[in-house]
Amino acid sequence: MIRRNVKFQYFVLIRQKKIKDCWKGMGKLDIEAWMDKVLQNDLLNKIIDMGDVKASIDRAKWFEKDSVWVFRFMKLREDNIPSIVKENNEAKAIKLQPDEYIGEAIHMLYECETGIAMLQINRFSLGRERLEDLLSMIWNMTGERIRLVPIMDKDQFEAMARRKYRSIEVSFANIEPQLESGKNSLGTIMGLYKKFQGVSGSIKISVGKKRKGTLSIDEISEFVTDAMEEKSVKALKLHVKDDDSKPVEIIDLFDAIANSVITFKMENRTVLEYNYAAQLMIKSYKDKKIYLLKSIRV
């Protein structure tokens, strides 16, 4: 028996609709309507070709007692296949049939009432952005997309608000050229990329060499909230100080997403069993739910 620690992060699963050139939030996703599309199009356990990656909805179950859905999504691999290695023998390639793939799983819990999603972090499986693409593809509503908006850890965010912001760094990728400048700071910055017809880049705003002082606390707070919702933002870091006598600390905001770590007990050489994973996820979510509701900033 082995113990495996698995990290989960928390998001609000929302719909966004393109109005003119901007994406506007339309509230939490109606997951039952989304599931209707899955069933109507017979997509459960089917291969879904997303262009650069193949995926599948492996499991989708409604836990009525707890009023949550738990999904298992698979990223499917058909190249760069690993080998089986046996002591004192040469490695043997795993031979796949034409309709077989190597699958990498992520689990996601979703509560309809709150719109909160609990998502497993697995760097080998579908990432957050590709999962959003999969959800949006199935939703298939003209001018709409599905987004997983991070829930910032309340304690960390409030602690940062009491510190001095020396600088902020933000990186963009795949900026949609049609997006117009907004009235907020993030929209204004993204508007500059539009003027240059650029789609990626990084900026850093700082107080310079001044030993004292801070960037605008209110403006940074609004900027961070907007940036964590914006799909084009790929990195966001704050350089902060407690006081002028202490060194600068770098905080990666993508590491400040509310999270839980679950320890699973597993037999050697086995995969994480779905129902077992679901039960521990449900318990962990219930333990965290009140805190998460206080942390939601969207």
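Predicted model: local features only at pLDDT ≥ 70, side-chain atom pairs only at ≥ 80, totals over all residues.
How do the residues of the lining of the second largest pocket divide into nonpolar, polar and charged?

1. The lining of the second largest pocket has seven nonpolar residues, five polar ones and three that are charged. The space in this pocket comes to about 330 Å³. Its lining is made up of 15 residues, and those closest to the centre are Arg 4, Glu 104, Ala 105, Val 271 and Leu 272.

2. Strand 8 contributes the most, with four residues.

3. Most residues other than glycine have a negative phi. Asp 42 is not a glycine, yet its phi is positive, at about 55°. Asp 42 sits in the loop that runs between helix 1 (31-40) and strand 3 (48-49). Its relative accessibility is 47%, so Asp 42 counts as partly exposed; the cut-off for exposed is over 50%.

4. Asn 88, also not a glycine, has a positive phi of about 70°. The loop that holds Asn 88 lies between strand 6 (83-84) and strand 7 (92-93). Asn 88 is classed as exposed because its relative accessible area is 75%.

Key. Residues numbered from 1 in each chain as written. Heavy atoms only, no water. Helix = DSSP H or I, 4+ residues; strand = E, 2+ residues; numbered from the N terminus. Buried < 20%, exposed > 50% of the residue type's maximum accessible area, 1.4 Å probe, protein only. 1 Å grid on protein atoms, 1.4 Å probe; cavity = no way out; pocket = protein on both sides within 12 Å on 5 of 7 lines; lining within 4 Å. Points joined across faces, edges and corners; volume = space filled by probe spheres on them. Nonpolar A, V, L, I, M, F, W, Y, C, P; charged D, E, K, R; others polar.
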